[in-house]
Amino acid sequence: MASRLTPSFRILGDGPMTATIVKAPVSPISQFELDYAAQRRRAKLTWALATIIFTLVFVFSAWLGDFFKVTQVTNVDGSREWRWILPAGLPRLGEFIEKTLPVLRWDSLSADLAEWFWRWRVWLHLLVETILIAFMGTVFGLIGGFIMSFPASRNLAPNKWVLWFSRRYLEIARTVPELVWALIFVFCFSVGPMAGVLAIGLHTAGALGKLYSEVNENIDMRPLEGVKAAGGSWFDQIRYGAVPQVMPNIISYTLLRFEINVRASSIIGYVGAGGLGQEFREALSLQEYTDLSALFLIIFVTVMVIDYGSEKLRHQVIGLEKGPST
């Protein structure tokens with residue numbers, strides 16, 4: 001008995017030596033089921049191949065990252081044995097965290113806190129310096145990324161050469177990490193906050209320029225065409241047709257980047273670019289582990305406050321705090 005998914009055939013002929021095979025018409029529903037089944041088979045095959053490729057790449061990456069490495073560890077009784085490096089190293093992570101935790105007693109809490117934050121005056125000064133580095137770097141990155149985002153957008157670039165050079169500049173600026181830019185500028189301008197500002201600003205310009213250009217490519221082009229029809233130049237089209245549409249997203253991305261830059265500016269000081277990073281380097285070199293936890297707590301609270309303030313400001317800009325309109 002033929003399945004309903006299989007087209008039927010009839011043999012026609014006008015004599016004993018001739019025969020013609022005629023394919024019966026397939027109903028639309030049956031054709032849909034055939035196409036759907038074929039599509040499902042292709043989808044399953046694609047997912048199977050993708051899963052195999054992903055698994056192979058993941059295993060190969062883990063092998064390159066020494067996740068399968070075997071090392072010797074010393075037991076409590078002094079004996080040594082071979083273990084996988086990941087389970088062998090995890091206890092050391094707990095040991096490190098234990099060293100960073102201060103001893104706090106309720107009956108001497110104030111004295112213990114004073115001992116924990118014993119350099120709070122120096123750290124407060126460096127914290128302000130860190131925030132100012134992040135602020136100036138964000139401002140420079142905002143200006144650079146905003147200017148370069150329009151010629152780096154496919155729908156706004158004056159020509160393909162301007163588009164190509166703009167995109168390559170943004171790629172170079174954001175590809176090099178802030179720490180490497182800081183090393184370069186420390187070599188050029190000596191140690192200090194100036195190197196940190198330039199490093200943060202250049203990397204931020206590349207990152208924000210990429211985000212801004214993606215926003216620009218999703219705008220409605222009709223306002224720009226109207227400005228052009230009225231005789232406006234390319235700059236007039238950008239000023240009156242594109243900028244009003246992208247401004248809320250630019251503010252949102254910039255505030256998010258400022259929060260990221262606060263964390264980055266606290267690290268680049270490790271190479272002499274100012275901020276709290278130099279305290280991290282000193283605490284690690286002197287093995288003052290409780291200082292590390294104090295510095296981490298300071299940065300955590302600072303980022304949390306900045307994140308809360310940025311969220312409130314962003315909601316004010318885009319109108320979320322006003323509530324639904326009536």
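The lining of the largest pocket holds eight nonpolar, two polar and no charged residues, where Ala, Val, Leu, Ile, Met, Phe, Trp, Tyr, Cys and Pro count as nonpolar, Asp, Glu, Lys and Arg as charged, and the others, Gly among them, as polar. This is a predicted model, in which local features need pLDDT of at least 70 and side-chain atom pairs count only at pLDDT 80 or more, while totals for chains, interfaces and linings use all residues. Residues are numbered from 1 along each chain as its sequence is written, and side-chain values use heavy atoms, with hydrogens and water left out.

- Two or more lining residues come from each of α4 (120-149) and α9 (234-268), and α9 gives the most, with five.

**Helix packing**
- The axes of α4 and α9 (lines fitted to C-alpha atoms over the stretch in contact, with angles from 0 to 180 degrees between N-to-C directions) come within 8 Å and cross at roughly 145 degrees.
- Where α4 meets α9 (heavy atoms within 4.5 Å), the residues include Phe-135, Thr-138 and Leu-142 in α4 and Ile-250, Thr-254 and Phe-258 in α9.
- The residues of this contact divide into 11 nonpolar, six polar and no charged.

**Confidence**
- The protein chain averages a pLDDT (the predictor's confidence in each residue, from 0 to 100) of 83, and 88% of the residues score at least 70.
- Confidence is lowest in strand β1 (residues 9-15), at a mean of 52, and highest in helix α7 (residues 193-216), at 93.

How values were computed. Helices (H or I, at least four residues) and strands (E, at least two) are DSSP runs, numbered from the N terminus.
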